[in-house]
Amino acid sequence: MVRAAEEDQIVNSGLGDENASNDDCKNSSDLDMIKEKFAKLLLGEDMSGGGKGVSSALALSNAITNLAASVFGEQSRLEPMPPERQTRWRKEMDWLLSVTDHIVEFVPSKQNTNGVSMDVMVTRQRSDLRMNIPALRKLDAMLIECLDNFKGDHEFTYASKNDNEAKSMRKREEDKWWLPTPKVPPDGLSEATRKWLQFQKESVHQVLKAALAINAQILMEMEVPESYTETLPKNGRASLGDHIYKSITVDHFEPDQFLSSMDLTTDHKIVDLKNRIEASVVIWKRKMSAKDGRSGWGSGVSLEKREQFEDRAETILLILKQRYPGIPQSTLEISKIEHNRDVGHAILESYSRILESLAHKVLSRIEDVQHADVLTQNPSSQSLKRNSLKDSFNIEASGKLPDLK
């Protein structure tokens with residue numbers, strides 16, 4: 001008995017040494033990865049060390065964007081993320097977000113010393129980061145949880161590449177031929193599954209709206225680069241064109257009526273309209289800040305009229321951003337991100353942007369399943385709208401994005 005106990009102790013001791021060795025290897029591997037990642041950030045992605053790298057803000061923004069692309073790029077189905085990818089996402093995002101713990105501001109704090117109360121300046125995390133980082137982390141967790149909800153067997157599946165029946169089915173978005181085709185039972189989904197699927201869709205929809213709101217706010221706070229303004233014409237009419245300018249400057253303006261008169265059939269046309277309107281807003285703001293009429297940005301249009309045109313243009317931009325969340329970034333947004341030097345803004349913008357993109361991707365995959373279900377009930381029905389979610393976004397009279405709460 002004593003000999004057996006001694007043998008067990010030796011075996012367990014060996015296993016303990018092996019586990020400890022594995023933990024040491026894992027920690028060493030993580031440490032090497034952290035060193036490599038932050039070395040690239042410090043070098044500004046210029047591995048030659050010649051000082052030609054990008055700013056720290058852009059390097060962090062690119063790191064978050066590239067990480068999301070490598071982790072979520074293959075998420076073409078409604079299914080949980082593989083555990084190893086999920087672990088990598090959380091671990092590396094924690095490393096990148098740790099930078100925000102050291103971005104601080106000075107605030108007064110009451111301190112009592114020897115019975116004397118005085119205000120002492122102390123540091124705390126910057127207010128925009130303190131508010132938005134926890135919110136973004138929560139949105140992140142909600143999206144991962146939504147994908148986890150699709151674990152196990154469901155009434156819908158995905159067709160294989162050699163499935164002739166699936167090839168004959170009309171996709172909701174015909175241009176995205178590489179996406180797998182969802183298949184539902186011949187008589188469609190059960191009522192319980194339809195309700196559950198709709199609930200998942202509405203939950204992700206709330207995440208999308210919150211991510212949109214944060215991203216829009218951060219982009220608004222970023223400064224407009226001089227290199228962008230130098231490329232603009234001297235007046236809003238030249239940027240918009242006669243037709244769009246007249247439509248925005250009419251006496252009685254209706255945003256929905258304006259958008260219905262525009263050709264928004266492709267992403268390229270939507271981005272082109274967005275570029276024109278954003279340029280006009282920048283021009284009008286420059287004109288309003290011009291100190292005298294001799295400035296190159298001066299104009300004969302009254303200040304009140306210009307403010308009114310700017311409000312109308314910004315309302316249109318908000319509607320476009322909400323109705324078409326999957327469109328590429330505009331020229332102004334790209335320019336702001338490239339020239340931004342605020343590390344906190346760079347992290348918030350990139351994190352909210354990738355969550356917005358992932359939420360939109362998950363919503364599209366849910367709509368694909370709903371579309372397949374509609375076709376089983378009525379095969380002659382038309383395809384769903386390009387963005388069926390656009391009608392569910394409520395635009396407030398003030399033109400503001402929905403509150404994060």
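Which residues in α4 are buried? Keep that in mind as we go. One caution: this is a predicted model.

Let's start with the helix itself. Helix α4 covers residues 127–148, which makes 22 residues. From its first C-alpha to its last, α4 reaches 32 Å, close to the 32 Å expected at 1.5 Å a residue.

Now the answer. The buried residues of α4 are Asp128, Leu129, Asn132, Ile133, Ala135, Leu136, Leu139, Asp140, Leu143, Ile144, Cys146 and Leu147. What covers them? The cover includes helices α2, α3, α6 and α14, along with β2.

Next, salt bridges. The whole structure has 20 of them.

Glutamate 105 bridges to arginine 130, with the closest N and O atoms 3.9 Å apart. Glutamate 105 sits in strand β1 and arginine 130 in helix α4, so the pair ties together parts that are 25 residues apart in sequence. Glutamate 105 is partly exposed, at 21% relative accessible area. Arginine 130 is partly exposed too, at 36%.

Now lysine 285 and glutamate 310. Their closest N and O atoms are 3.9 Å apart. This pair links distant parts of the chain, helix α11 and helix α12. Lysine 285 is partly exposed at 40%, whereas glutamate 310 is buried at 9%.

Last pair: arginine 365 and aspartate 368. Here the closest N and O atoms are 3.1 Å apart. Both residues lie in helix α14, three residues apart, about one turn of the helix. Arginine 365 is buried at 6%, and aspartate 368 is buried at 13%.

One more thing on salt bridges. Those that share partners join Glu105, Arg124 and Arg130 into one network.

Definitions and conventions: Residues are numbered from 1 along each chain as its sequence is written. This is a predicted model: local features need pLDDT of at least 70, side-chain atom pairs count only at pLDDT 80 or more; totals for chains, interfaces and linings use all residues. Side-chain values use heavy atoms; hydrogens and water are left out. Helices (H or I, at least four residues) and strands (E, at least two) are DSSP runs, numbered from the N terminus. The expected span of a helix is 1.5 Å times one less than its number of residues. Buried means under 20% relative accessible area, exposed over 50%, partly exposed in between (1.4 Å probe, protein chains only). Contact means heavy atoms within 4.5 Å. A salt bridge is a side-chain nitrogen of Lys or Arg within 4 Å of a carboxyl oxygen of Asp or Glu.
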